[in-house]
Amino acid sequence: MKKVGNKVVVVGVGAVGISYAYSMLNQGHCDELVLIDLDTKRAEGEARDLRHGMPYAASPAKIYVGGYEDCADADIVCICAGVPQRPGETRLDLIDNNLRVFHGIVTAVMKSGFDGIFLVATNPVDILSYATWRFSGLPKESVIGSGTVLDTARFRVCLGNEFNVAPWSVDAVMIGEHGDSVIAVWSTAAVAGLPLKDILEQAQDGQERMDKIYNNVRNAAYEIIEAKGATSHGIGMGLSRISNAVLHNQSIVLTVSALLQGEFGEEGVYIGVPAVINRQGAARIIDKPLSEDEYARFRQSAELLRGYQRKVEDFLAAQG
Ligand code: NAD
(Lines give C-alpha, C1' and ligand atoms only; values in the text may rest on other atoms or scores of the structure.)
Protein backbone atom coordinates (compact mmCIF):
# COMPACT_ATOMS: atom_id res chain seq x y z
CA MET A 1 0.00 0.00 0.00
CA LYS A 2 1.32 3.49 -0.90
CA LYS A 3 2.33 5.49 2.16
CA VAL A 4 0.55 8.69 3.12
CA GLY A 5 2.56 11.49 4.77
CA ASN A 6 5.71 11.01 6.84
CA LYS A 7 6.81 7.47 7.64
CA VAL A 8 9.26 6.60 10.40
CA VAL A 9 10.66 3.17 11.28
CA VAL A 10 12.11 2.53 14.75
CA VAL A 11 14.48 -0.42 15.02
CA GLY A 12 14.81 -1.52 18.65
CA VAL A 13 11.87 -0.65 20.85
CA GLY A 14 13.46 -0.97 24.27
CA ALA A 15 13.63 1.93 26.71
CA VAL A 16 15.05 4.46 24.19
CA GLY A 17 13.13 3.37 21.09
CA ILE A 18 9.78 3.45 22.82
CA SER A 19 10.40 6.84 24.46
CA TYR A 20 11.21 8.13 20.97
CA ALA A 21 8.05 6.56 19.52
CA TYR A 22 5.92 8.00 22.32
CA SER A 23 7.40 11.48 21.86
CA MET A 24 6.92 11.36 18.05
CA LEU A 25 3.26 10.39 18.42
CA ASN A 26 2.49 12.80 21.23
CA GLN A 27 3.87 15.67 19.20
CA GLY A 28 2.22 14.53 15.96
CA HIS A 29 5.47 14.39 13.98
CA CYS A 30 4.66 11.38 11.78
CA ASP A 31 1.72 9.78 10.00
CA GLU A 32 3.02 6.21 9.99
CA LEU A 33 5.21 4.58 12.64
CA VAL A 34 6.65 1.10 12.19
CA LEU A 35 8.22 -0.81 15.10
CA ILE A 36 10.88 -3.48 14.51
CA ASP A 37 12.50 -5.54 17.28
CA LEU A 38 13.97 -9.03 17.69
CA ASP A 39 11.42 -9.42 20.47
CA THR A 40 8.27 -9.25 18.32
CA LYS A 41 5.96 -10.07 21.22
CA ARG A 42 7.19 -7.04 23.11
CA ALA A 43 6.96 -4.89 19.95
CA GLU A 44 3.35 -6.03 19.39
CA GLY A 45 2.52 -5.11 22.97
CA GLU A 46 4.10 -1.67 22.58
CA ALA A 47 2.31 -1.01 19.27
CA ARG A 48 -1.02 -1.95 20.77
CA ASP A 49 -0.42 0.21 23.84
CA LEU A 50 0.56 3.21 21.65
CA ARG A 51 -2.50 2.76 19.41
CA HIS A 52 -4.70 3.10 22.47
CA GLY A 53 -3.26 6.59 23.04
CA MET A 54 -4.27 7.76 19.55
CA PRO A 55 -7.60 9.39 20.55
CA TYR A 56 -5.55 11.80 22.67
CA ALA A 57 -2.56 12.30 20.32
CA ALA A 58 -1.74 15.54 18.46
CA SER A 59 -2.72 13.95 15.12
CA PRO A 60 -3.64 10.48 13.88
CA ALA A 61 -0.94 7.96 12.97
CA LYS A 62 -0.87 4.39 11.73
CA ILE A 63 1.21 2.29 14.16
CA TYR A 64 2.23 -1.32 13.53
CA VAL A 65 4.97 -3.93 13.92
CA GLY A 66 6.75 -4.47 10.64
CA GLY A 67 9.80 -5.94 8.93
CA TYR A 68 12.76 -4.49 7.06
CA GLU A 69 10.77 -4.41 3.81
CA ASP A 70 8.78 -1.58 5.42
CA CYS A 71 11.90 0.63 5.31
CA ALA A 72 11.71 0.89 1.49
CA ASP A 73 9.65 4.11 1.48
CA ALA A 74 10.46 5.36 5.01
CA ASP A 75 11.60 8.96 5.47
CA ILE A 76 13.59 8.09 8.61
CA VAL A 77 14.91 4.84 10.03
CA CYS A 78 15.91 5.44 13.64
CA ILE A 79 18.14 2.75 15.16
CA CYS A 80 17.89 2.31 18.93
CA ALA A 81 18.65 -1.43 18.91
CA GLY A 82 21.56 -3.00 20.68
CA VAL A 83 23.13 -3.77 23.98
CA PRO A 84 22.67 -0.97 26.54
CA GLN A 85 25.23 0.31 29.09
CA ARG A 86 25.21 -1.49 32.43
CA PRO A 87 26.18 0.30 35.65
CA GLY A 88 29.95 0.98 35.57
CA GLU A 89 30.35 0.46 31.79
CA THR A 90 31.39 3.30 29.47
CA ARG A 91 29.63 3.79 26.15
CA LEU A 92 32.80 2.74 24.30
CA ASP A 93 32.69 -0.69 26.04
CA LEU A 94 29.65 -1.56 23.89
CA ILE A 95 31.36 -1.34 20.50
CA ASP A 96 32.10 -4.98 19.61
CA ASN A 97 28.58 -6.32 20.25
CA ASN A 98 26.81 -3.37 18.70
CA LEU A 99 28.94 -3.38 15.52
CA ARG A 100 27.69 -6.90 14.72
CA VAL A 101 24.10 -5.87 15.49
CA PHE A 102 24.42 -2.80 13.26
CA HIS A 103 25.91 -4.64 10.33
CA GLY A 104 22.87 -6.94 10.26
CA ILE A 105 20.37 -4.12 10.64
CA VAL A 106 21.87 -1.65 8.15
CA THR A 107 22.34 -4.38 5.51
CA ALA A 108 18.70 -5.43 5.88
CA VAL A 109 17.43 -1.82 5.71
CA MET A 110 19.47 -1.09 2.56
CA LYS A 111 18.24 -4.31 0.92
CA SER A 112 14.73 -2.84 1.03
CA GLY A 113 15.79 0.03 -1.27
CA PHE A 114 15.74 2.64 1.54
CA ASP A 115 17.06 6.07 0.57
CA GLY A 116 15.90 8.24 3.46
CA ILE A 117 17.70 9.45 6.58
CA PHE A 118 19.30 7.14 9.14
CA LEU A 119 19.12 8.47 12.69
CA VAL A 120 21.38 6.56 15.10
CA ALA A 121 20.94 6.51 18.89
CA THR A 122 22.68 3.30 19.96
CA ASN A 123 25.99 3.72 21.82
CA PRO A 124 28.77 4.36 21.20
CA VAL A 125 26.72 6.65 18.98
CA ASP A 126 29.56 8.43 17.15
CA ILE A 127 31.24 5.16 16.12
CA LEU A 128 27.95 3.51 15.17
CA SER A 129 27.00 6.54 13.05
CA TYR A 130 30.31 6.15 11.22
CA ALA A 131 29.57 2.40 10.88
CA THR A 132 26.08 3.12 9.51
CA TRP A 133 27.53 5.51 6.95
CA ARG A 134 30.17 2.94 5.90
CA PHE A 135 27.76 -0.05 5.88
CA SER A 136 24.99 1.81 3.99
CA GLY A 137 26.98 3.61 1.28
CA LEU A 138 24.58 6.57 1.63
CA PRO A 139 25.83 10.18 1.38
CA LYS A 140 27.25 11.48 4.68
CA GLU A 141 24.36 13.97 5.08
CA SER A 142 21.89 11.06 5.18
CA VAL A 143 23.40 9.50 8.31
CA ILE A 144 22.94 11.47 11.52
CA GLY A 145 23.86 10.35 15.02
CA SER A 146 22.12 11.84 18.05
CA GLY A 147 25.64 12.95 19.05
CA THR A 148 25.65 15.57 21.79
CA VAL A 149 21.99 16.55 21.37
CA LEU A 150 21.31 15.15 24.85
CA ASP A 151 24.49 16.60 26.43
CA THR A 152 23.51 20.01 25.04
CA ALA A 153 20.02 19.65 26.52
CA ARG A 154 21.47 18.67 29.90
CA PHE A 155 23.89 21.63 29.74
CA ARG A 156 21.02 24.05 29.00
CA VAL A 157 18.89 22.62 31.81
CA CYS A 158 21.78 22.96 34.32
CA LEU A 159 22.58 26.52 33.19
CA GLY A 160 18.90 27.45 33.28
CA ASN A 161 18.71 26.20 36.88
CA GLU A 162 21.93 28.03 37.81
CA PHE A 163 20.67 31.36 36.47
CA ASN A 164 16.98 30.85 37.14
CA VAL A 165 15.81 31.08 33.51
CA ALA A 166 14.12 28.54 31.25
CA PRO A 167 16.48 26.35 29.13
CA TRP A 168 15.07 28.03 25.97
CA SER A 169 16.82 31.25 27.09
CA VAL A 170 20.19 29.49 27.25
CA ASP A 171 22.34 29.49 24.10
CA ALA A 172 25.05 26.93 24.83
CA VAL A 173 26.28 23.69 23.27
CA MET A 174 28.31 20.63 24.09
CA ILE A 175 30.37 19.08 21.28
CA GLY A 176 32.75 16.15 20.74
CA GLU A 177 32.25 12.54 21.75
CA HIS A 178 28.91 11.62 23.30
CA GLY A 179 30.88 10.16 26.18
CA ASP A 180 33.51 10.97 28.74
CA SER A 181 35.54 13.34 26.50
CA VAL A 182 32.54 15.61 25.75
CA ILE A 183 33.36 19.35 25.65
CA ALA A 184 31.34 22.25 27.07
CA VAL A 185 31.74 25.26 24.79
CA TRP A 186 31.96 27.97 27.45
CA SER A 187 33.64 30.51 25.16
CA THR A 188 30.43 31.33 23.25
CA ALA A 189 27.77 30.27 25.77
CA ALA A 190 25.17 32.90 26.70
CA VAL A 191 22.29 33.12 29.14
CA ALA A 192 19.52 35.55 28.21
CA GLY A 193 21.93 37.00 25.63
CA LEU A 194 24.69 37.69 28.23
CA PRO A 195 28.11 36.04 27.63
CA LEU A 196 28.48 33.39 30.29
CA LYS A 197 32.24 33.28 30.45
CA ASP A 198 32.42 36.95 31.53
CA ILE A 199 29.80 36.40 34.23
CA LEU A 200 31.44 33.27 35.62
CA GLU A 201 35.02 34.49 35.28
CA GLN A 202 34.20 37.63 37.26
CA ALA A 203 32.54 35.63 40.04
CA GLN A 204 34.89 34.46 42.81
CA ASP A 205 33.59 30.90 42.64
CA GLY A 206 33.23 30.96 38.80
CA GLN A 207 35.61 28.09 37.98
CA GLU A 208 34.11 25.95 40.73
CA ARG A 209 30.60 26.56 39.37
CA MET A 210 31.71 25.75 35.79
CA ASP A 211 33.37 22.51 36.94
CA LYS A 212 30.27 21.53 38.89
CA ILE A 213 27.98 22.11 35.90
CA TYR A 214 30.32 20.20 33.54
CA ASN A 215 30.58 17.22 35.89
CA ASN A 216 26.84 17.25 36.46
CA VAL A 217 26.26 16.95 32.67
CA ARG A 218 29.06 14.44 32.04
CA ASN A 219 28.00 12.11 34.85
CA ALA A 220 24.23 12.42 34.34
CA ALA A 221 23.87 9.18 32.33
CA TYR A 222 25.84 7.13 34.91
CA GLU A 223 23.68 8.46 37.74
CA ILE A 224 20.38 7.93 35.91
CA ILE A 225 21.39 4.39 34.87
CA GLU A 226 22.30 3.68 38.50
CA ALA A 227 18.91 5.00 39.62
CA LYS A 228 16.50 3.59 36.98
CA GLY A 229 18.52 1.21 34.78
CA ALA A 230 18.50 3.32 31.59
CA THR A 231 18.22 6.86 30.28
CA SER A 232 15.34 7.14 27.86
CA HIS A 233 13.04 10.19 27.96
CA GLY A 234 15.67 12.90 27.39
CA ILE A 235 17.14 11.06 24.40
CA GLY A 236 13.66 10.09 23.14
CA MET A 237 12.66 13.77 23.04
CA GLY A 238 16.01 14.76 21.49
CA LEU A 239 15.60 12.17 18.70
CA SER A 240 12.08 13.41 18.17
CA ARG A 241 13.36 17.02 17.85
CA ILE A 242 15.92 15.92 15.21
CA SER A 243 13.21 13.97 13.33
CA ASN A 244 10.85 16.94 13.34
CA ALA A 245 13.62 19.09 11.81
CA VAL A 246 14.14 16.48 9.06
CA LEU A 247 10.50 15.73 8.31
CA HIS A 248 9.45 19.40 8.22
CA ASN A 249 12.61 20.65 6.48
CA GLN A 250 13.25 23.12 9.31
CA SER A 251 16.97 23.87 8.81
CA ILE A 252 17.43 24.37 12.56
CA VAL A 253 20.82 23.91 14.17
CA LEU A 254 21.20 20.95 16.55
CA THR A 255 24.32 19.30 17.96
CA VAL A 256 24.38 15.92 16.23
CA SER A 257 27.04 13.44 15.23
CA ALA A 258 28.04 14.22 11.64
CA LEU A 259 31.03 13.48 9.42
CA LEU A 260 33.68 16.22 9.45
CA GLN A 261 35.53 17.01 6.24
CA GLY A 262 37.85 19.80 7.33
CA GLU A 263 35.44 21.56 9.72
CA PHE A 264 36.94 22.18 13.19
CA GLY A 265 40.27 21.19 11.60
CA GLU A 266 39.27 17.49 11.51
CA GLU A 267 38.88 15.04 8.67
CA GLY A 268 36.87 11.82 8.33
CA VAL A 269 35.47 11.55 11.85
CA TYR A 270 31.85 11.31 13.05
CA ILE A 271 31.55 13.53 16.13
CA GLY A 272 29.08 15.85 17.88
CA VAL A 273 28.97 19.31 16.26
CA PRO A 274 26.32 21.93 15.50
CA ALA A 275 24.70 21.13 12.14
CA VAL A 276 21.81 22.44 10.05
CA ILE A 277 19.14 19.73 10.02
CA ASN A 278 16.58 19.53 7.23
CA ARG A 279 15.19 17.11 4.61
CA GLN A 280 18.73 16.47 3.36
CA GLY A 281 19.71 15.34 6.88
CA ALA A 282 22.79 16.99 8.39
CA ALA A 283 22.95 19.43 5.48
CA ARG A 284 25.77 21.70 6.72
CA ILE A 285 28.11 21.84 9.69
CA ILE A 286 28.46 25.12 11.55
CA ASP A 287 32.21 25.53 11.95
CA LYS A 288 31.97 27.49 15.18
CA PRO A 289 35.17 29.16 16.41
CA LEU A 290 36.42 27.71 19.70
CA SER A 291 38.91 28.86 22.34
CA GLU A 292 42.40 27.33 22.22
CA ASP A 293 41.61 25.04 25.13
CA GLU A 294 38.33 23.90 23.52
CA TYR A 295 40.13 23.17 20.21
CA ALA A 296 42.72 21.09 22.09
CA ARG A 297 40.01 19.09 23.86
CA PHE A 298 38.08 18.65 20.62
CA ARG A 299 41.21 17.32 18.89
CA GLN A 300 41.68 14.77 21.69
CA SER A 301 38.05 13.69 21.49
CA ALA A 302 38.28 13.32 17.68
CA GLU A 303 41.51 11.34 18.00
CA LEU A 304 39.88 8.95 20.48
CA LEU A 305 36.93 8.38 18.11
CA ARG A 306 39.17 7.94 15.07
CA GLY A 307 40.94 5.13 16.95
CA TYR A 308 37.62 3.34 17.51
CA GLN A 309 36.52 3.98 13.90
CA ARG A 310 39.42 1.72 12.88
CA LYS A 311 37.46 -1.14 14.48
CA VAL A 312 34.73 -0.49 11.90
CA GLU A 313 37.27 -0.69 9.06
CA ASP A 314 38.73 -3.91 10.56
CA PHE A 315 35.20 -5.32 10.82
CA LEU A 316 34.51 -4.46 7.17
CA ALA A 317 37.83 -5.96 6.07
CA ALA A 318 37.00 -9.20 7.94
CA GLN A 319 33.65 -9.38 6.07
CA GLY A 320 35.67 -9.47 2.83
P1 NAD B 1 17.09 -1.88 25.68
O2 NAD B 1 17.82 -3.12 26.01
O3 NAD B 1 15.97 -1.43 26.54
O4 NAD B 1 16.52 -1.97 24.19
C5 NAD B 1 17.28 -2.47 23.12
C6 NAD B 1 16.30 -3.16 22.19
O7 NAD B 1 17.01 -3.54 21.01
C8 NAD B 1 15.68 -4.44 22.79
O9 NAD B 1 14.27 -4.35 22.72
C10 NAD B 1 16.24 -5.55 21.90
O11 NAD B 1 15.33 -6.63 21.73
C12 NAD B 1 16.48 -4.80 20.60
N13 NAD B 1 17.44 -5.43 19.71
C14 NAD B 1 18.69 -5.93 20.02
N15 NAD B 1 19.27 -6.43 18.93
C16 NAD B 1 18.40 -6.23 17.90
C17 NAD B 1 18.42 -6.51 16.52
N18 NAD B 1 19.48 -7.12 15.96
N19 NAD B 1 17.37 -6.15 15.77
C20 NAD B 1 16.28 -5.56 16.31
N21 NAD B 1 16.20 -5.26 17.63
C22 NAD B 1 17.24 -5.60 18.40
O23 NAD B 1 18.20 -0.70 25.55
P24 NAD B 1 17.93 0.88 25.64
O25 NAD B 1 18.05 1.33 27.04
O26 NAD B 1 16.71 1.18 24.83
O27 NAD B 1 19.24 1.43 24.89
C28 NAD B 1 19.41 1.22 23.50
C29 NAD B 1 20.70 1.89 23.06
O30 NAD B 1 20.58 3.31 23.15
C31 NAD B 1 21.92 1.51 23.94
O32 NAD B 1 23.05 1.32 23.12
C33 NAD B 1 22.09 2.75 24.81
O34 NAD B 1 23.40 2.88 25.28
C35 NAD B 1 21.73 3.83 23.81
N36 NAD B 1 21.43 5.15 24.37
C37 NAD B 1 21.86 6.21 23.65
C38 NAD B 1 21.65 7.50 24.12
C39 NAD B 1 22.17 8.66 23.31
O40 NAD B 1 22.23 9.80 23.79
N41 NAD B 1 22.54 8.44 22.08
C42 NAD B 1 20.98 7.70 25.33
C43 NAD B 1 20.52 6.58 26.03
C44 NAD B 1 20.76 5.30 25.54
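The model is a predicted one.

The ligand sits in the second largest pocket of the protein. A total of 26 residues surround the ligand, and Val16, Asp37, Ala121, Asn123 and Ser146 are the closest of them. Sorted by class, this shell comes out as 15 nonpolar, 10 polar and 1 charged residues. Two helices, H1 (15-26) and H3 (95-111), each put at least two residues into the shell. H3 gives the largest share, with 3 residues. On the scale of whole domains, the ligand lies between domain 1 (7-145) and domain 2 (149-310), because both of them give residues to the shell.

Ser146 reaches the ligand through its side chain, where an N or O atom is 2.9 Å from a ligand nitrogen. Ala121, in turn, uses its backbone: an N or O atom there lies 2.9 Å from a nitrogen atom of the ligand. As for how well the ligand is covered, it would expose 860 Å² if taken alone, and the protein buries 85% of that.

Now for the backbone. Pro124 itself is in the loop that runs between strand S5 (117-120) and helix H4 (125-136). The other spot is Ala192, which has a positive phi of about 50° even though this residue is not a glycine. Ala192 also belongs to a loop, here the one between strand S10 (190-191) and strand S11 (194-195).

How values were computed: Residues numbered from 1 in each chain as written. Predicted model: local features only at pLDDT ≥ 70, side-chain atom pairs only at ≥ 80, totals over all residues. Heavy atoms only, no water. Near = heavy atom within 4 Å. Polar contact = N/O pair within 3.5 Å; in protein donor to acceptor, adjacent residues only side chain to side chain. Areas by Shrake-Rupley, 256 points an atom, 1.4 Å probe, with all protein chains shown as cover. 1 Å grid on protein atoms, 1.4 Å probe; cavity = no way out; pocket = protein on both sides within 12 Å on 5 of 7 lines; lining within 4 Å. Sits in = over half its atoms within 2 Å of the grid points. Helix = DSSP H or I, 4+ residues; strand = E, 2+ residues; numbered from the N terminus. Nonpolar A, V, L, I, M, F, W, Y, C, P; charged D, E, K, R; others polar. Domains from an automatic or database assignment.
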